[in-house]
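Subject: Handover of a structure and its description

Dear colleague,

Please find below the structure that I am handing over to you.

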Amino acid sequence: MLKEADLFCPNSVRINFTIYLEPNDFLWGISILVGIALIAIPRYRHQNEWLQSLGFRRAAIFGATFLSYSLTTIIAYSLAKLMVLLVLVQNIPGIYFAQFNWWVWGGNVISTTLVALILMTASALVLLVTPNLVMAMLVGYAVVKPISWFVLIRSFGQPGNYLLAFLNQHWLLGIAIGCLVWGLGGILGRYLSAQQITERDHQAILLPAWRVPMLIGLSIILTKLITDVMLAPQTSWSYVAVVWSATLIGLIAWIYQPRWSRYFWQVVRQLR
């Protein structure tokens, strides 16, 4: 993402200067890992069971953990953005910051942090439904692109992208929508955590009612990933249908574990 800025030198010579924002791919990956840690670490250490023995409810435990991780993410990302700005100020001549806009920079900090919170929430919600870390990372990866499109950064839209053009004109509305998504994700997380039972920890899908939604959603994500990585961009719909059918069969075998696939999963468990 970039922004064109018209700056003026002391000799009144006009310069077209392009300010490049640092790439956020690394931050998005960290966000997904933070969401995984939010659920995986307490589950691995049996922290929830210990807190439940003290009288705390699962929903309250998730709510407190979710808020603490969110607050830590907000502080960490804000400090990271500030440190990047300080490095730029120290290494770039001050004249190039003559038209520096704190409002634009603050919008970048807010939007980047908000997208990170949404990615963190998405990966955490997946782990509340399935204990599989790979699936949480896959869903997080699938969410990155549309969330990045929904970038919520004032004045950094791309020509031809009508969604970004609209958000650039109604930036506060975009921020409000992002906060709403994050808040609803936290509420859904409290509900899902309350439905969990320790005896299901070794099942592919921890909540039976979520088997069909996870089956459909994961099949679409995996099909898109496979076709994007392994097949040409001009792949016909017939090949996509074959890949989706094979992916669907594999997921059915993993989620429902029918009789014909039980021997295979026994071997997998023994190898693990």
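Predicted model: local features only at pLDDT ≥ 70, side-chain atom pairs only at ≥ 80, totals over all residues.

Residues are numbered from 1 along each chain as its sequence is written, and side-chain values use heavy atoms, with hydrogens and water left out.

The whole chain

The protein chain contains 10 helices and 2 strands; these are DSSP runs numbered from the N terminus, with helices (H or I) of at least four residues and strands (E) of at least two. Along the sequence, the pattern is β-β-α-α-α-α-α-α-α-α-α-α. Of its 272 residues, 36% count as buried. Buried means under 20% relative accessible area, exposed means over 50%, and partly exposed lies in between (1.4 Å probe, protein chains only). The accessible surface of the chain comes to about 16,700 Å², and 68% of it belongs to carbon and sulfur atoms; such areas come from the Shrake-Rupley method with a 1.4 Å probe, and for residues only the protein chains shown count as cover. Among contacts (heavy atoms within 4.5 Å) with a separation of 6 or more, 69% join residues 24 or more positions apart.

Two helix pairs

Two packed helices are described by the angle between their axes and the distance between the axes. Axes are lines fitted to C-alpha atoms, for helices over the stretch in contact, and angles run from 0 to 180 degrees between N-to-C directions.

Helix α3 (residues 58-91) packs against helix α4 (residues 102-129) at an angle of about 145 degrees, and their axes are 10 Å apart. The residues in this contact include F62, F66 and Y69 of α3, and W102, W105 and N108 of α4. By class, the contact of α3 with α4 has 14 nonpolar, 7 polar and 1 charged residues. Ala, Val, Leu, Ile, Met, Phe, Trp, Tyr, Cys and Pro count as nonpolar, Asp, Glu, Lys and Arg as charged, and the others, Gly among them, as polar.

The axes of α3 and α7 come within 8 Å and cross at roughly 145 degrees. Among the residues that make this contact are R58, A59 and A60 of α3, together with W182, G186 and R190 of α7. The contact of α3 with α7 divides into 6 nonpolar, 5 polar and 2 charged residues.

The nonpolar core

A nonpolar core is a set of buried Ala, Val, Leu, Ile, Met, Phe, Trp, Tyr and Cys residues joined through side-chain atoms within 4.5 Å. The largest one here has 42 residues, and W28, L119 and W254 are among those with the most contacts inside it. Helices that each supply at least two residues of this core include α1 (25-44), α5 (133-149) and α8 (211-230). The most comes from α4, which gives 13 residues.

Single residues

A60 is placed in helix α3. Why does A60 count as partly exposed? The reason is that A60 has a relative accessible area of 37%. A60 and S193 are 133 residues apart in sequence, and their C-alpha atoms are 9.1 Å apart in space.

A253 is in helix α9 and counts as buried because its relative accessible area is 7%.

Yours sincerely
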